[in-house]
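Here is a friendly walk through one structure, from its annotated residues to its helix packing and its backbone. Keep the view open as you read.

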Amino acid sequence: MTSYIVEADGGSRGNPGPAGYGAVVKDASDGQVLAEAAEAIGVTTNNVAEYRGLIAGLTAVLDVAGDGASVAVRMDSKLVVEQMAGRWKIKNEGLRPLALEAGSLARRLRVTEWTWIPRERNKHADRLANEAMDAAAQGLPWKAGDTSAPDADIPSPDTWENGSAAPHTENGGAGPRAADGGTGPRAVDMRGRGAARSVAGQTDLLDGGDISEMSAPTASIATAQRLGKNAGWVAPTKVATSLLLLRHGETELSLERRFSGRGDAELTPHGLAQASAAADRLSRDPYRLDVIVTSPLKRARQTAEVVAQRTGRAVEVEEDLREADFGEWEGHTFTEVQRRWPAELAAWLADPEVAPPGGESFATAARRVQAAGERLIERYEGKTVLAVSHVTPIKMLLRVALMAPLEALYRMHLDVACLSLIDYYADGPAVVKSFNDISHLR
């Protein structure tokens with residue numbers, strides 16, 4: 001049963017031109033408006049504005065109802081609806097980060113339908129988008145109006161019939177997976193009725209049973225560590241896919257704090273000792289590795305092979321777990337780059353879409369790394385996977401799990417040979433259980 005309806009719209013006066021979005025959350029039973037969101041977003045295209053409206057609507061319904069809420073999503077953008085439902089491919093790379101972010105939010109909900117509706121049935125969201133653009137043209141912020149009564153011209157959920165407006169039932173995990181980028185500030189008006197609701201029926205998040213009762217080949221590491229009589233929030237009924245992220249050991253470049261991307265630096269003797277310490281830890285309880293995958297670069301493969309020898313597991317190479325390509329900066333220190341490429345470095349630090357000269361931007365790296373993560377999660381569902389990689393890919397996976405913007409990369413630090421852990425649950429959420437753990441090196 002659908003409990004909430006999200007209607008979203010976006011528009012651009014010029015395409016590209018001054019743009020804005022609007023979104024409204026309604027109670028599915030009576031059409032009562034529970035939340036509104038709108039924002040002028042500067043000069044961009046219709047499709048970008050439509051996706052921004054969807055992101056705002058999904059965020060608003062999470063604010064109202066929390067994770068796991070049953071939601072119908074309705075928009076007059078055929079492109080966005082079909083892409084989110086997984087029926088159309090995303091060919092415009094500029095839209096992919098927005099689609100990934102929307103998909104990440106959708107997986108926290110139970111989306112019962114992605115439905116295209118005619119513009120006349122999306123008047124409320126359309127009005128909000130135009131209000132935001134009109135306000136911006138006057139140099140004013142958008143303010144929510146008095147729209148708490150049900151919309152008379154929007155049919156109730158049980159009156160959908162015939163034609164292209166008929167809802168398509170989709171799983172909440174449909175469409176793109178994981179987040180890229182952020183939506184920025186937005187004005188949101190929470191209506192009193194919905195804001196106090198909570199998702200009380202999510203009993204599948206709690207389980208007092210023993211870990212031996214789980215049916216997956218291996219139980220979540222974090223679950224094994226925290227089970228106990230007074231554990232509080234304990235094991236979910238669905239076993240997590242545990243992704244352990246191990247940064248490679250020390251190299252000469254990491255020791256000297258030099259940019260180290262696609263170059264094939266080897267581990268130092270100390271780096272090999274760090275890999276051995278990590279292997280000792282990972283060969284003991286509660287770690288029960290099912291799979292070891294690694295970046296193709298030598299420093300990661302050396303680290304993975306040390307763990308493999310200790311645990312008896314084979315090593316698989318995943319090309320997309322390689323480090324970002326730093327181009328002409330490879331092998332240089334930060335100070336050297338700052339002296340030789342001051343403008344390029346400043347631009348790179350300010351915008352993750354900017355690449356080093358001859359290299360790869362963080363935004364581009366994010367897409368390939370997230371694709372690799374998704375493949376691993378789907379291929380090894382319910383298992384414990386060790387991924388041996390580098391600073392950038394590990395930060396990318398952690399950022400996505402935390403639903404943080406791409407700029408969060410600049411706020412993380414990872415030591416050589418550190419361990420981090422993300423648990424992925426079949427019913428939606430990804431949970432970071434540990435970050436930059438180097439206790440095995442002490």
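## The annotated residues

At 4% relative accessibility, His248 counts as buried, where buried means under 20% relative accessible area, exposed over 50% and partly exposed in between (1.4 Å probe, protein chains only). The model is a predicted one, in which local features need pLDDT of at least 70 and side-chain atom pairs count only at pLDDT 80 or more, while totals for chains, interfaces and linings use all residues. Residues are numbered from 1 along each chain as its sequence is written, and side-chain values use heavy atoms, with hydrogens and water left out.

His248 sits in the loop between β7 (241–247) and α7; helices (H or I, at least four residues) and strands (E, at least two) are DSSP runs, numbered from the N terminus. An unreviewed UniProt entry places the feature "active site" at His248 and Glu323. The two are spread over 76 residues of sequence, yet they cluster in space, with a largest C-alpha distance of 11.0 Å. UniProt positions are given in the numbering used here, feature names are shortened, and annotations may be inferred rather than shown by experiment.

Which residue carries the UniProt feature "binding site"? In the unreviewed entry, that feature is placed at Arg299, a residue of helix α9 (residues 298–311). Arg299 is buried, at 1% relative accessibility. Not counting residues up to four places away in sequence, Arg299 touches His248, Thr251, Ser260, Gly261, Gly263, Asp264, Ala265, Leu267, Glu323 and His390, where contact means heavy atoms within 4.5 Å. Both residues of the "active site" annotation, His248 and Glu323, are therefore among the residues that Arg299 touches.

Ala300 is also placed in helix α9, and with a relative accessible area of 0% it is buried. Leaving aside neighbours within four places in sequence, Ala300 is in contact with His248, Thr294, Ser295, Val388 and His390. Ala300 and Leu246 lie 54 residues apart in sequence and 8.9 Å apart in space, C-alpha to C-alpha.

## Two helix pairs

Two packed helices are described by the angle between their axes and the distance between the axes. The axes of α1 (residues 46–65) and α3 (residues 96–107) come within 9 Å and cross at roughly 20°; axes are lines fitted to C-alpha atoms, for helices over the stretch in contact, and angles run from 0 to 180 degrees between N-to-C directions. α1 and α3 are therefore roughly parallel to each other (angles under 35 degrees count as roughly parallel, over 145 as roughly antiparallel, 65 to 115 as roughly perpendicular and the rest as oblique). Residues of α1 including Tyr51, Ile55 and Leu62 meet residues of α3, among them Leu98, Ala102 and Leu105. By class, this contact of α1 with α3 has 11 nonpolar, 1 polar and 2 charged residues. Here Ala, Val, Leu, Ile, Met, Phe, Trp, Tyr, Cys and Pro count as nonpolar, Asp, Glu, Lys and Arg as charged, and the others, Gly among them, as polar.

Helices α8 and α9 pack at an angle of about 35°, with their axes 8 Å apart. Ala275, Ser276, Ala279, Asp280 and Leu282 of α8 make the contact with Thr303, Val306, Val307, Arg310 and Thr311 of α9. The residues of the contact of α8 with α9 divide into 5 nonpolar, 3 polar and 2 charged.

## Backbone points to check

Most residues other than glycine have a negative phi, and most peptide bonds are trans. Where is a cis peptide bond found? It joins Asp285 and Pro286, with omega at about 5°, and Pro286 belongs to the loop between α8 (269–282) and β8 (291–294).

Arg257 is not a glycine but has a positive phi of about 55°. Arg257 lies in the loop between α7 (252–255) and α8 and is exposed, with a relative accessible area of 68%. Asn436 also has a positive phi, near 50°, but is in strand β12 (residues 430–437) and counts as buried at 16% relative accessibility.

## The whole chain

The protein has 13 helices and 12 strands, and buried residues make up 53% of its 442 residues. Among contacts between residues at least 6 apart in sequence, 74% join residues at least 24 apart.
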